Amino acid sequence: MLDLLNYIVWQPDLEAFHLGPITVRWYGLMWIIGLALAYFVVQRLYKEQKIKDELFDPLFFYCFVGILAGARLGHCIFYEPDYFLTSWQGIVEMFLPIRILPEGGWKLIGYAGLASHGGTLGLMIALWLYVRKTKLGIWTVLDNIAIATGTTACFIRLGNLMNSEIIGKITDVPWAFIFERVDTMPRHPGQLYEAIAYALLFFILWYLHKRMPEKIGTGWYFGFCLTYIFTFRFFIEYTKEVQEAFETSLPLDMGQILSIPFIILGVYCMIKAKKQVSS
């Protein structure tokens with residue numbers, strides 16, 4: 001018989017607080033905190049590098065739109081194509097934060113599916129557009145964003161934890177969580193593993209950039225960030241339940257498959273940066 005006292009029973013309120021008629025959910029709040037922290041980190045890096053304030057001002061807009069659009073499209077295309085790409089209703093719901101009701105009308109539900117791989121790709125495209133507008137060096141921008149990335153990634157995963165989503169496999173480790181919204185079985189808190197790893201990434205990159213400021217602008221920090229995040233993501237997937245049923249027939253789950261190109265890109269950027277510095 002399962003002894004609930006041996007594990008962490010997890011069922012937090014989804015709502016953090018109310019502002020009049022507006023309900024603020026923990027998931028959305030974690031996104032806001034993560035993006036705000038990254039904003040202040042990059043702002044400080046720009047000041048250290050004496051980059052003009054007017055070149056920093058549009059950055060947040062590009063990042064926010066790129067991450068949100070990429071994460072949403074990534075989830076719909078890679079994880080639920082049968083729903084979102086096979087009907088006009090699915091296509092509408094892919095772009096708008098609503099659910100079209102069977103009896104007619106619609107309900108505002110927010111963006112219920114977001115994929116980190118899509119968010120990363122969307123961010124990279126947004127930064128390319130930002131660089132075209134500001135004429136800043138692409139590797140300088142990517143390195144600065146990479147140093148701040150761990151803060152946002154950490155809080156997004158904490159948001160997943162508050163939502164009891166992206167749960168781990170059943171386990172008997174003493175730190176297992178029982179996600180009561182899902183079932184009564186003890187599971188790996190995969191979201192917490194990732195949150196801790198991404199927080200550690202931020203402190204590593206912040207320390208390294210203080211020791212090696214000359215590497216900013218070479219792409220080394222960007223490459224390290226991609227390699228670290230997606231190598232960790234590849235292996236942590238072994239502790240997580242698959243998100244969609246079709247993944248059970250694959251040799252690797254979708255998260256692992258999508259991680260491989262980012263790992264390769266990260267390693268390439270680090271090698272390129274090393275050659276650039278040594279030449």
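**Entry 1: ground rules.** I number residues from 1 along each chain as its sequence is written, and I use heavy atoms for side-chain values, leaving out hydrogens and water. As the model is predicted, I need pLDDT of at least 70 for local features and 80 or more for side-chain atom pairs, while totals for chains, interfaces and linings use all residues.

**Entry 2: cores.** I looked up nonpolar cores (sets of buried Ala, Val, Leu, Ile, Met, Phe, Trp, Tyr and Cys residues joined through side-chain atoms within 4.5 Å). Buried means under 20% relative accessible area, exposed over 50%, and partly exposed in between, with a 1.4 Å probe and protein chains only. The largest core has 52 residues, and Leu127, Tyr130 and Ile145 are among those with the most contacts inside it. Helices here are DSSP runs of H or I, at least four residues long, numbered from the N terminus. Helix 9 gives the most to this core, with 10 residues.

I then checked isoleucine 145. Leaving out residues up to four places away in sequence, isoleucine 145 touches Val42, Leu59, Cys63, Leu123 and Leu127; contact means heavy atoms within 4.5 Å. A second, separate core has six residues, including Trp10 and Phe179.

**Entry 3: rings.** I paired rings of Phe, Tyr and Trp (its six-membered ring) with centres within 6.5 Å; planes under 30 degrees apart are stacked, over 60 edge-to-face, and the rest tilted. I got 21 aromatic pairs. Phenylalanine 60 and phenylalanine 64 are stacked, because their centres are 6.2 Å apart and their planes are at 20°. They sit four residues apart in helix 3, about one helical turn. Phenylalanine 60 is partly exposed at 34%, and phenylalanine 64 is partly exposed at 37%.

The pair of phenylalanine 234 and phenylalanine 235 is edge-to-face, because the planes are at 80° and the centres 5.3 Å apart. Phenylalanine 234 is buried at 14%, whereas phenylalanine 235 is exposed at 51%.

**Entry 4: glutamate 237.** Where is glutamate 237 placed? I found glutamate 237 in the loop between helix 9 and helix 10. Glutamate 237 is buried, at 5%. I looked for polar contacts (N or O atoms within 3.5 Å; within protein, one able to donate a hydrogen and the other to accept it, with sequence neighbours counted only if both atoms are side-chain atoms). Its side chain makes one with the side chain of arginine 233 at 2.6 Å and one with that of lysine 240 at 2.9 Å.

Definitions and conventions
Helices (H or I, at least four residues) and strands (E, at least two) are DSSP runs, numbered from the N terminus.
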